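Please look over the chain below before reading on. The paragraphs that follow go from a single residue to the helices, then to a pocket and the overall dimensions.

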Amino acid sequence: MNIGERLFSLRQKSGESLQQVADKVGVSKAHVWELEKGRSKNPSFELVRKLAAHYGVSIDVLTGAAAEPNEGDLQIERIHRGLDALSDRDRQIVEQMIKNMQQTSSAAD
């Protein structure tokens with residue numbers, strides 16, 4: 001699998017459109033499409049770094065040196081990335097909600 005195929009796979013797993021990915025990493029939709037199709041063979045290191053960060057994977061995953069994470073791991077990473085924009089207070093609330101859900105889940109078992 002080449003970098004383009006990995007990018008396509010990660011985008012499909014994330015449920016994002018070409019435009020959403022392009023907007024997040026600061027390139028055109030056409031450029032993301034060209035990367036996925038293997039038509040842009042030499043992306044800049046900065047773009048590869050942004051794409052890896054966006055998908056919550058290492059650069060090794062994009063280059064094929066490491067395995068691609070499963071959908072559940074990608075979902076967790078997307079949630080984690082979303083926490084960066086929250087205030088400290090809101091992060092504490094989310095953390096407490098997770099703890100409460102874990103307790104409820106443990107009690108149901």
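Which residues does Ile 3 touch, not counting residues up to four places away in sequence? With contact taken as heavy atoms within 4.5 Å, Ile 3 touches Val 48 and Leu 62. This is a predicted model, in which local features need pLDDT of at least 70 and side-chain atom pairs count only at pLDDT 80 or more, whereas totals for chains, interfaces and linings use all residues. Residues are numbered from 1 along each chain as its sequence is written, and side-chain values use heavy atoms, with hydrogens and water left out.

Ile 3 has its place in helix H1, where helices (H or I, at least four residues) and strands (E, at least two) are DSSP runs numbered from the N terminus. Its relative accessible area of 27% makes Ile 3 partly exposed, given that buried means under 20%, exposed over 50% and partly exposed in between, with a 1.4 Å probe and protein chains only. Ile 3 and Lys 41 are separated by 38 residues in sequence, while their C-alpha atoms are 9.0 Å apart in space. Arg 6 is also found in helix H1, and this residue is buried, with a relative accessible area of 11%. Leaving out residues up to four places away in sequence, Arg 6 touches Met 1, Val 61, Leu 62, Thr 63, Gly 64 and Glu 68.

In helix H3 (residues 29-36), the buried residues are Val 32, Leu 35 and Glu 36. Seen down the axis of H3, these buried residues fall within an arc of 100°, so they line one face of the helix; the arc is that of the directions from the helix axis to the C-beta atoms. What covers the buried residues of H3 includes helix H1 (3-14), H2 and H4. Just after H3, Gly 38 takes a positive phi of about 80°.

Helix H4 (residues 45-55) has Leu 47, Val 48, Leu 51, Ala 52, His 54 and Tyr 55 as buried residues. Viewed down the axis of H4, its buried residues fall within an arc of 160°, so they line one face of the helix. Just after H4, a positive phi of about 70° is found at Gly 56.

A pocket here is, on a 1 Å grid over the protein atoms alone, an open set of points where a 1.4 Å probe fits, with protein on both sides within 12 Å along at least five of seven lines, and lining residues have an atom within 4 Å of a point. The largest pocket has a volume of about 200 Å³, the volume being the space filled by probe spheres set on the points. Its lining consists of Glu 16, Lys 24, Val 25, Lys 50, Ala 53, His 54, Arg 78, Arg 81 and Gly 82, which divide into 2 nonpolar, 2 polar and 5 charged residues.

Taken as a whole, the protein chain has 7 helices and 0 strands. Buried residues make up 27% of its 109 residues. Among contacts between residues at least 6 apart in sequence, 52% join residues at least 24 apart. The C-alpha atoms fill a box of roughly 50 × 30 × 20 Å along the principal axes.

Conventions. Nonpolar A, V, L, I, M, F, W, Y, C, P; charged D, E, K, R; others polar.
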